[in-house]
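Here are a few friendly notes to read alongside the coordinates.

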Amino acid sequence: MWCWRAFKWLPVLLVVSIITWSYYAYVIQLCIFTIESTVQQCIYLIVYHILLIMFCWSYWRTIFADIKAIPEKYKLPEEELERLLSAESEDAQRTILENFAKDLPIVTRTMSGSVRYCNRCVLVKPDRAHHCSICSRCVLKMDHHCPWVNNCVCFHNYKFFMLFLGYALLYCLFVMSTCLPYFIKFWKGDFGAAANTGRYHIVFAFFVALMFATTLGSLFGYHCYLVAHNRTTLEAFRAPMFRGGADKNGFSIGAFNNFKEVFGNSPNLWMVPVFTSLGDGCEYPVRREHQLQTFTAQDGHGYESMGTTRSSAEGDRETESYGDGIVYPLPQPDEDTESLLSSERWDRWGERARPFDERESSSYDEL
């Protein structure tokens with residue numbers, strides 16, 4: 001097990017190694033040994049270090065972000081779990097889950113219209129949450145598991161991930177553009193006094209920056225598109241299912257509001273890798289038709305315009321309004337991280353099938 005854990009850090013170590021080498025190639029070989037103008041050296045070094053600090057800061061926050069557990073209210077109590085496992089049919093199991101989830105603020109369903117339930121974590125999945133097979137847990141607003149950060153990209157670090165891509169792209173473009181004149185000199189055989197082994201570091205830095213800028217530009221552009229349309233990578237491949245059917249734009253509330261949902265309301269902090277995303281990761285504003293199809297407005301129930309789904313259990317919960325009628329729940333305080341992931345809970349049930357087992361479809365665990 002420890003070998004696998006160590007192996008998962010190899011991509012991160014590779015990235016750190018490339019950054020370390022690029023620092024040597026750019027600062028030592030280019031700025032100190034090659035560039036003769038002191039003013040040019042100062043300008044290059046100041047801009048370079050600003051981009052490097054923001055790049056590394058965002059990368060650090062993406063890797064070591066505190067990925068919080070699913071709130072306890074979504075986890076089945078012991079008695080409910082026993083009833084679920086003792087049910088004689090899948091229809092009975094669906095009924096038990098529907099009754100348990102009736103006061104939970106969820107609007108998405110499986111493709112068959114059932115409550116999204118995770119067998120492994122023994123919980124009803126909040127909207128946009130998915131089970132990560134690598135992390136072995138359900139993750140709020142999961143986008144994907146990224147081996148380059150050895151972490152899930154999700155609600156708790158998606159802003160950091162976007163900033164990491166953006167600053168990494170700027171870093172590569174800056175290194176590439178400032179190394180380009182010296183690459184041209186090298187190509188023409190006119191590298192001047194720098195005609196030693198150090199020139200190969202500069203040329204190689206140009207090619208590495210070009211290669212990564214091409215890749216990062218495509219990835220960053222794709223995620224900008226996802227942010228503008230309020231989708232995750234998983235939702236882009238398979239649209240979320242509501243009671244009225246699949247809707248790839250079900251969580252979209254307008255491009256600017258979608259942007260603020262990830263980056264927050266304070267423009268001064270948009271480009272800084274500190275957590276400012278709106279909401280608690282469990283409830284999200286949805287389009288009006290999905291609100292009306294999910295709950296019937298009654299006393300103590302209802303919605304704000306383009307607001308989150310609200311149930312009777314959530315009626316008195318604190319929320320924050322951010323204009324345009326959009327309401328987000330306040331982030332939850334740290335809760336007991338003890339989860340129901342342990343397989344020991346299932347041992348006493350012998351060979352009995354788990355609810356919605358893979359004999360029918362694996363989609364219950366993956367959607």
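**Notes on strands and rings**

1. Strand E8 (residues 241-242) and E9 are antiparallel partners, joined over 2 bridges. Here strands are DSSP runs (E) of at least two residues and helices are DSSP runs (H or I) of at least four, numbered from the N terminus; two strands pair if DSSP finds at least two bridges between them.

2. Before going on, please keep in mind that this is a predicted model, where local features need pLDDT of at least 70 and side-chain atom pairs count only at pLDDT 80 or more, while totals for chains, interfaces and linings use all residues. Residues are numbered from 1 along each chain as its sequence is written, and side-chain values use heavy atoms, with hydrogens and water left out.

3. Back to the sheet. E1-E8-E9 is the order of the 3 strands, which form an open sheet with antiparallel pairing. Strand E1 (108-109) and strand E9 (245-246) are the edge strands, each pairing on one side only.

4. Now the rings. Searching the whole structure gives 25 aromatic pairs. In Phe186 and Tyr200 the ring centres are 5.8 Å apart and the planes lie at 75 degrees, so this pair is edge-to-face.

5. The cut-offs are under 20% relative accessible area for buried, over 50% for exposed, and partly exposed in between (1.4 Å probe, protein chains only).

6. Phe259 and Phe263 make a stacked pair, because their ring centres are 4.6 Å apart and their planes are at 15 degrees. Both belong to helix H9 (residues 255-263), and being 4 residues apart they are separated by about one helical turn. Phe259 is partly exposed at 21% relative accessibility, whereas Phe263 is buried at 5%.

7. Ring pairs also build a cluster whose members include Tyr23, Tyr44, Phe55, Tyr158 and Phe174.

8. Finally, have a look at Arg128, which lies over the face of Phe251 at 4.3 Å from the ring centre. The charged end of Arg128 also sits over the ring of Tyr284, 5.0 Å from its centre. The criterion is NZ of Lys or CZ of Arg within 6 Å of the ring centre and within 35 degrees of the ring normal.

How values were computed: Phe/Tyr/Trp six-rings, centres within 6.5 Å; stacked < 30°, edge-to-face > 60°.
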